[in-house]
Amino acid sequence: MNASYGIKSWLFTKDHKRIALLYLATITFFFFIGGIFATLIRIELLTPKGDLVSSDTYNKLFTMHGVIMVFFFLIPSIPATLGNFFIPMMIGARDLAFPRINLLSWYLLVIGGLFAIFAMVAGGVDTGWTFYTPYSTSYSNTWVIATALGIFIAGFSSILTGLNFIVTVHTMRAPGMTWFRLPLMVWSNYATSLIQVLGTPVLAITMVLVFCERTFHIGIFDPALGGDPVLFQHLFWFYSHPAVYIMVLPGMGVISELISVYSRKAVFGYGFVAFSSVAIAVLGFLVWGHHLFVSGQSLYAGMVFSFLSYFVAIPSAIKVFNWTATLYKGSISFATPMLYAFGFIGLFTIGGLTGLFVAALGIDVHVTDTYFVIAHFHYIMVGGTLMAYLGGLHYWWPKITGRMYPEGWAKLSALIIFLGFNLTFFPQFILGYLGMPRRYHAYSDEFQVLHVLSTAGASVLAVGYLLPAIYFVWSLRYGQVAGANPWKATGLEWQTPSPPPPHNFEETPVVTHDAYDYSTTVGEVIEVG
Amino acid sequence: MSERTEHVDSVATYTIVWVSLLIATAVTSAVAFIDLGPFSVVVALAIAVLKMLLVALFFMHVRHSTKLTRLVVMGGLMWLGILITLSMADFITRGWIGVPGK
C-alpha cells in the first residue's frame, strides 16, 4: 500500500485501499464538524430559556448537524471505508471492478461536501435535514439549493460505490469463493449496495424537483402553486427510510465478523443471516409511509405501512438471535472490537424495539416529532452504526496500518462511549414520552433535569470519541507491530501481510472452506491487553 | 469481462429510432395544446413510456444484453412500480374517510 509516496500518488490513486483511507479522513472530518453542531445544540439545551443562540440559529444548527451526519458521515461510513478496503480482500480480488469509478466516487463526496460547507459558511440552512415542503421551496430564506445540490452530488458517490460493489461481488470472487462462502460482511454490503442503486436516484430527482419549485415556481409540492406537500414526503422517505438500512446493514455485517472471530465459532445460521440482509434491503422499501402518519396521509395507507413496518423486525431479530446463539459455548474474548459488538447488540435492540413503538399508528400520534423519535433513531444510527463502525475500525486497524492500537485505552474508550451514549439518549426517550417536542431550543422548566443529564452524557461521549482519534494516530508510529493475523481469524484479508501489498495478495487465493471455519482452531483464545 | 456481447445495431436502425423519438417529442408537444381532459396525462405518459423503451432497448443495448442485465433493468422498473403503487395507496384512499368538521 505504501509502494509510492507524495500527495499525487494519493490523489490519483486507483488502489481501493488508499481510496478507503481518503474516505476515512474525509468522513472523520465531517464527523467532527457534525459533532461541533451537536455540541452547540446540547449546550443550548442545558437551560430552559433559549439563551445561547437565537431560534433561527438553532434551526440551522440541528439542520446542519443532520445533513452532515446523515449524508456525509453515516451513509458513506462503513461501506466507503471498511467496505472499500476489505470487500475486495474478503473475496480474494486484487481491487474493485471499477477502480477509476471508485476514485470518482470519493471526489463526488468531497465536491458534494464542499457545497454543503459553502452553504454552512454562507449563512446555513434551516429546513431540517428532511427539507419538508412547502417551507423549503417557498418560504425558507436560507441556502436550501446549495445544500440540496451538495446532497445531490454526494448521492452519485453513493450510487457509484454501490454499483462498484455489486459488479465486484458478481465478477471478481476468487476461485472456490462461492456465494455461500462469502463472509457475511460481503452479503450485508451487497444488500446495502442494492438499496444505494435503487433508492438514491429517487432522492436525486426529489432534490431536482425542490430546485424546480424553489427557482422556477413550478407547482409540485406547494399547495399554493397547485402541488401536494405530502408528495414530497413520499418521495423523500422512499429513499430516506431505506437509507437507514444503508447506514445499519453494513454495521450488521461488521458485527457478524466480530462475533464470529471473538467467539471462535462460525456464525449460527449463516444462510439465515445472509438472506436476512437481502430481506431487510427489500422490505425496507415498503415501509416509508410510517414517517407520514400525521402528515395528512390516508389512514388506509397508514395502516398498510404500519403493518408492513412490523415485517422488518423479523430479519432484524433473526440477526440478533443468531449472533446471540453464536456466542453459546463459544470461546469468547473481550477484546475491544467485541465490546463494541456487545454494545451494538444491546443498543440496536433498544433502537429496534422502540422502532416498533413508532411504527404503531396510535403510539406514533403521541410521540411524533418528540424526543422519543430522536432517541429512537440515535439508538439505531449512533448506538448501532457508529458502534459497529468503531468496532470494525479497531478490528481491522492492525490490517490497515500494520500496528496494534493500545488495548487498555481502547477498552476504556469503548466503555466511556457506551456509558456516555446511554446517558445522552436514554433520558430523551423519557423527555419525548412526556411531550418535549424536537427542534425547540426553549422548553418548560420541568424538562430541565433530563436535558442536563443528556448534555452531561454528550460530554462523556465526546471524550469517548476523542480518545480513539488520539490513540489511533499515536499507534501509527508507536503501536506494537501487528503481524499478518493478530486475531487468528479465518478471513482471506488476514492471509496476507499487514498492511497489504498493492494488489492485496501475492498469489490469487483459492478458497476451499466455508467462511468462519474455526473447527481447526477450537479452544484457541485470543490474548488481549 | 470476456462474455460481454457487443452486438451493435446498424446506423439505419439507430437513425430510425432517433427519428421516432423526435416524432414522439413533437406529438407530445402537439397534444399538449389539445384538451383531452384526464386523458392528457394518459397520452403524455404513454408516449414517455414508448420513448423510454426505445432508448433502453436500442440505445442502451438492453435488447442484446445478458439475462442478468435484463434482470437489473426489470428490477429498476419494479422498484419504480413500488414507489408509484404505495404512493397511490395514499392518494386514492385519502378521501375515503371524511375530515371531522367538514
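**Close-up views of a predicted two-chain model**

**View 1. A:Lys488, a partly exposed residue of chain A.** With 13 other C-beta atoms within 10 Å, A:Lys488 counts as partly exposed, because that class lies between the limit of 12 or fewer for exposed residues and that of 20 or more for buried ones. The model is predicted. A:Lys488 sits in the segment after α15 of chain A. Its phi is positive, about 50°, although the residue is not a glycine.

**View 2. A:Arg264, a buried residue in a loop.** A:Arg264 belongs to the loop between α8 (229-262) and α9 (270-283) of chain A. It has 22 C-beta neighbours inside 10 Å and so counts as buried. Phi of A:Arg264 is near 50°, a positive value in a residue other than glycine.

**View 3. Two cis peptide bonds of chain A.** One of these bonds joins A:Thr133 and A:Pro134, with omega about 0°. A:Pro134 is found in the loop between α4 (99-122) and α5 (135-139) of chain A. Another cis peptide bond links A:Ser498 to A:Pro499, and here omega is about -15°. The place of A:Pro499 is the segment after α15 (448-478) of chain A.

**View 4. A:Leu258 in the largest nonpolar core.** The largest nonpolar core has 169 residues. Those that touch the most other members are A:Ile68, A:Val186, A:Ile255 and A:Leu258. Leaving aside residues up to four places away in sequence, A:Leu258 touches A:Pro337, A:Met338, A:Ala341, A:Gly391 and A:Tyr395.

**View 5. The contact between chain A and chain B.** Chain A gives 14 residues to the contact, and chain B gives 12 residues. On the side of chain B that touches chain A, 7 residues are nonpolar, 3 are polar and 2 are charged.

**View 6. Chain B as a whole.** Chain B has 3 helices and 0 strands, and from the N terminus on its elements run α-α-α. Its radius of gyration is 20 Å, well over the 13 Å that the globule rule gives for 102 residues, so chain B is more spread out than a compact globule. Along its principal axes, the C-alpha trace of chain B spans about 65 × 35 × 10 Å. Of the 102 residues of chain B, 4% count as buried.

**View 7. The two domains of chain B.** Domain 1 of chain B covers residues 9-60, and domain 2 covers residues 65-94. The centres of the two domains, taken over C-alpha atoms, are 21 Å apart.

View 8. Helix α1 of chain B takes in residues 11-32, which is 22 residues. From its first C-alpha to its last the helix reaches 32 Å, close to the 32 Å expected at 1.5 Å a residue. The number of buried residues among the 22 of α1(B) is 0, so the helix lies largely in the open. B:Ser29 has its place in this helix. With 9 other C-beta atoms within 10 Å, B:Ser29 is exposed, because 12 or fewer such atoms put a residue in that class. B:Leu50 is 21 residues from B:Ser29 along the chain, and the C-alpha atoms of the two are separated by 15 Å.

Conventions
Residues numbered from 1 in each chain as written. Chains lettered and ligands numbered in written order. Predicted model: local features only at pLDDT ≥ 70, side-chain atom pairs only at ≥ 80, totals over all residues. Contact = placed C-beta atoms within 7 Å. Nonpolar A, V, L, I, M, F, W, Y, C, P; charged D, E, K, R; others polar. Domains from an automatic or database assignment. Core = buried A, V, L, I, M, F, W, Y, C linked by C-beta atoms within 7 Å. Helix = DSSP H or I, 4+ residues; strand = E, 2+ residues; numbered from the N terminus. Expected span 1.5 Å × (residues − 1). Rg over C-alpha atoms; globule rule 2.2 N^0.38 Å.
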